[in-house]
Amino acid sequence: MLFCGPCRACGHTEPRTGNPRRGVSVSSRWGWGPSASVKMTDDLAAEARYLHAALFPQPVDPAIVERYRDAHRLLFAGEPSSPLVSRIVERRLDAEAIEYALRRRNAGRELTRKLQMLSYLAEARAAYQDEFVNRKTRRARAILALAAAALRSRWKLLKGELLVRRHGLL
Amino acid sequence: MDCFDAIVVGSGPAATFAAVGLHGRRVLMLDVGFDASRSDGLRGNLYDLKQAHDDLFEPLIGNQFESLHNLHQPPISLKLKSPYMSYIVRDARRLTPVAGDAFGGVVSLARGGLANAWGAGVFRYTERDLAGFPIMAADLAPCFDEVTTRMGVSGVNGDDLEPYFERDEQLQPPIRLSPIFGDMLQRYERSKNAFTKARVAIGRSRLAVLTEPRHGRTPYEYDNLEFFRPHDPGIYTPAYTVSELIASGAVEYRSRRLVTRYSERSDGVEVEALNLDSGEMETSRARALCIGAGALNTTRIVLASNGDHDTRLPLLDNPMACIPLLDVTRIGTALQTRDTSLAQLNIVAEDEDGRLAQGSLYGTTGPLRSDFLFELPLSARDNRVWARYVAPATAFLMLFYARDPDPLSGVRLRTSGELDVRLAPEPPHAVENTLIRLFRRIGFLSHRAMIQRPPMGSALHFAGTLPMSAQPSRYQTDRDGLLAGTARVHIVDGACLSRLPAKNATLTIMANALRIGRRVAATLA
């Protein structure tokens, strides 16, 4: 299994699938014509899968990937691709940490938007319901989970700040 | 050309009740009248549906990704962006454009208007609220009774808000309280002295929501679907009354007509409307005109009819503040699946200068979690943990403040046809500190830093552009809504309110429109 050098240094262990075009911006890769459209679709699918892994523990639901692509086609057709998101996906950086660090600075709106879009698409699926709602009273578990979440968020913030600086993402 | 007794423009709360008041006359209702086209997919409780169906993409997100609206467009109310509710603001930006810096408002061209998505809170303007109006509470009282009889209102008499709401003998029992609000009310009762000393009162909401069957409508079902399903039979919307008026032949209803202007003749009024199907302009004629297209669109019609692109008319809307309240003892409790996102309690607070603020308390079961996930203070995954365990312990106090005309706020019609809207921002009110302190005392935590202030216009309580006055001058109206300088043009909606107390004005607008409709009918006799 391959690991991205810079990410490993940050403790991020997302597997690299080996992107031969790493470092080339998505917009410049898309170009024009039908083949560019196919390429854009593939890139959006890869982006959806990568960002989904940052948000949810379970494997991505194919319907979510398809809808993520459709939403981009329908709502953001005229928008250029986000260099920030492209860089995060290409370098396999910790999207959750970076989003949090940027959100705290009122920056990185396009990354937040894409993660939020995935969140909406997941919330409509039954398989994700337990990620959003708690159907049984579990006070002790809730307190522990919230304490862990607060600590984890501190760590994610530090990591996000580091990644933002190291990779010039601001 | 066929001549009606009266033309009513619009089908929202005001236009509908003006038409009711014109009963017995030959009435033409001109309306764009978009209606809900889909909603069959939603029967049952939101959270049961989410478990029972693998996929609720169409009703919750929408085939055109309607629920993602706020990710790529200026934000609108969460209710207005859900797929089956989005008809309420359909084409409004294109057909009736409104522009303004940091303006959070929208208008509606739907049958029933924005009241298709209202919170159903009903408040009678009292004598105190009507200070500055050329009418008295006694003028409105019979109309209040008739409107509430038609709608069906639930609530209680005799609690601490009765002086504010006034007694209503026709009330149905109140809606069932969620556990968090039941606790809140009990704790308030135990600490009432502190609240009373601070001139703050809490009580049950009065809602145009049925808890018992009425007029063929079934009671409210606590299904958490207010954000997603239009035309809940338990929640009143003027669209129901419009349908009754059409069915009974009380009005001739022409939909897909966008009224653009009127012109007065010696023997009547001619109204021009764009037929949205044919693209042709149509002219209709009547002896009187009642404009109730919603304050902003009514203003647009009046200014366009006068060819006036210079005058800036006053504009009012209730400033808002949203205060989250956390009951730590409820962290980790189970989601209430049979619940409501309607206001469950109301709060009235008076500051040292005697100014009232009114608040409605809401739970968190209505909207999608993703709507607010990225507003929470942690990282994305951890915010989901927060939403899962803390949302059932969270209530939101939506505070509304009164608004009087000010020189920095107003509306003007640009030559392009856009309405240029300005609403001066509202500074924070000291009463917010008082409320945070009092709620902390009964175990609900909050902090000033957590208060959210929606952009001006977000309350969607637009009013006061053509205010009623005892001695109306140009672009003002008399006590019967008659526009100064005209003999037959009546303004029946919020545009004719003289000021805007901290109460939702919808019930008062309905009652006033009914009153004006009756007066117009009498003059036509």
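**Notes on the two-chain model**

1. In H13 of chain B, the buried residues are Ala380(B), Arg381(B), Asp382(B), Asn383(B), Arg384(B), Val385(B), Trp386(B), Ala387(B), Arg388(B), Tyr389(B) and Val390(B). Helices here are DSSP runs of H or I with at least four residues, strands are runs of E with at least two, and both are numbered from the N terminus.

2. A word on ground rules. This is a predicted model, where local features need pLDDT of at least 70 and side-chain atom pairs count only at pLDDT 80 or more, while totals for chains, interfaces and linings use all residues. Residues are numbered from 1 along each chain as its sequence is written, with chains lettered from A and ligands numbered from 1 in the order in which they are written.

3. On to the interface. Chain B puts 37 residues into the contact and chain A puts in 44, a contact being two residues whose C-beta atoms, placed from the backbone, lie within 7 Å. On the chain B side, the elements giving two or more residues are H2 (46-52), H3 (57-61), H4 (69-72) and H13 (380-390). H13(B) supplies the largest share, nine residues. Sorted by class, the side of chain B that touches chain A holds 20 nonpolar, nine polar and eight charged residues; nonpolar covers Ala, Val, Leu, Ile, Met, Phe, Trp, Tyr, Cys and Pro, charged covers Asp, Glu, Lys and Arg, and the others, Gly among them, count as polar.

4. Chain B has an open, antiparallel sheet of six strands, ordered E4-E10-E11-E12-E9-E15. E4 (200-204) and E15 (444-445) of chain B are at the edges with a single partner strand each, so each has one side without a neighbour in the sheet. Helix H9 (179-190) of chain B packs on this sheet and touches E4, E9, E10, E11, E12 and E15 of chain B, with its direction at about 40 degrees to that of E10(B). Angles run from 0 to 180 degrees between N-to-C directions, and axes are lines fitted to C-alpha atoms, for helices over the stretch in contact.

5. Now the pairings within that sheet, where two strands pair if DSSP finds at least two bridges between them. E4(B) and E10(B) are antiparallel and share five bridges, and Ile202(B) has Ile347(B) as its bridge partner. Between E10(B) and E11(B) there are six bridges, again antiparallel, with Ala349(B) opposite Ala357(B). Their hairpin has five residues between the strands, and Gly354(B) takes a positive phi near 80 degrees in it. E9 (320-327) and E12 (394-401) of chain B are joined by seven bridges in the antiparallel sense; here Cys322(B) faces Met398(B). E10(B) is largely enclosed by the rest of the structure, because five of its six residues are buried.

6. A second open sheet in chain B has three strands in the order E3-E14-E13, with mixed pairing. E3 (98-99) and E13 (410-413) of chain B are the edge strands, each with a single partner, so one side of each lacks a neighbour in the sheet. E13(B) and E14 (419-422) of chain B pair antiparallel over four bridges, and Arg412(B) sits opposite Asp420(B). Helix H12 (295-305) of chain B lies across E3, E13 and E14 of chain B at about 45 degrees to E13(B).

7. E2 (27-30) and E5 (251-254) of chain B run parallel, joined by four bridges, with Leu28(B) opposite Glu252(B). E5(B) has a covered face, made of Val251(B) and Tyr253(B), and an uncovered one, made of Glu252(B) and Arg254(B).

8. Chain A contains nine helices and two strands, running β-α-β-α-α-α-α-α-α-α-α from the N terminus. Of its 170 residues, 37% are buried. Among contacts in chain A with a separation of 6 or more, 70% come from residues 24 or more positions apart.

9. Last, a helix pair in chain A: H6 (95-104) and H7 (109-123) pack at about 125 degrees with axes 9 Å apart. The pair is therefore oblique, the class left over once angles under 35 degrees count as roughly parallel, over 145 as roughly antiparallel and 65 to 115 as roughly perpendicular. The contact uses Ala95(A), Ile98(A), Glu99(A), Leu102(A) and Arg103(A) of H6(A) with Leu111(A), Thr112(A) and Leu115(A) of H7(A). By class these are five nonpolar, one polar and two charged.

Technical notes. A residue is buried if 20 or more other C-beta atoms lie within 10 Å of its own, exposed if 12 or fewer, and partly exposed in between; C-beta atoms are placed from the backbone.
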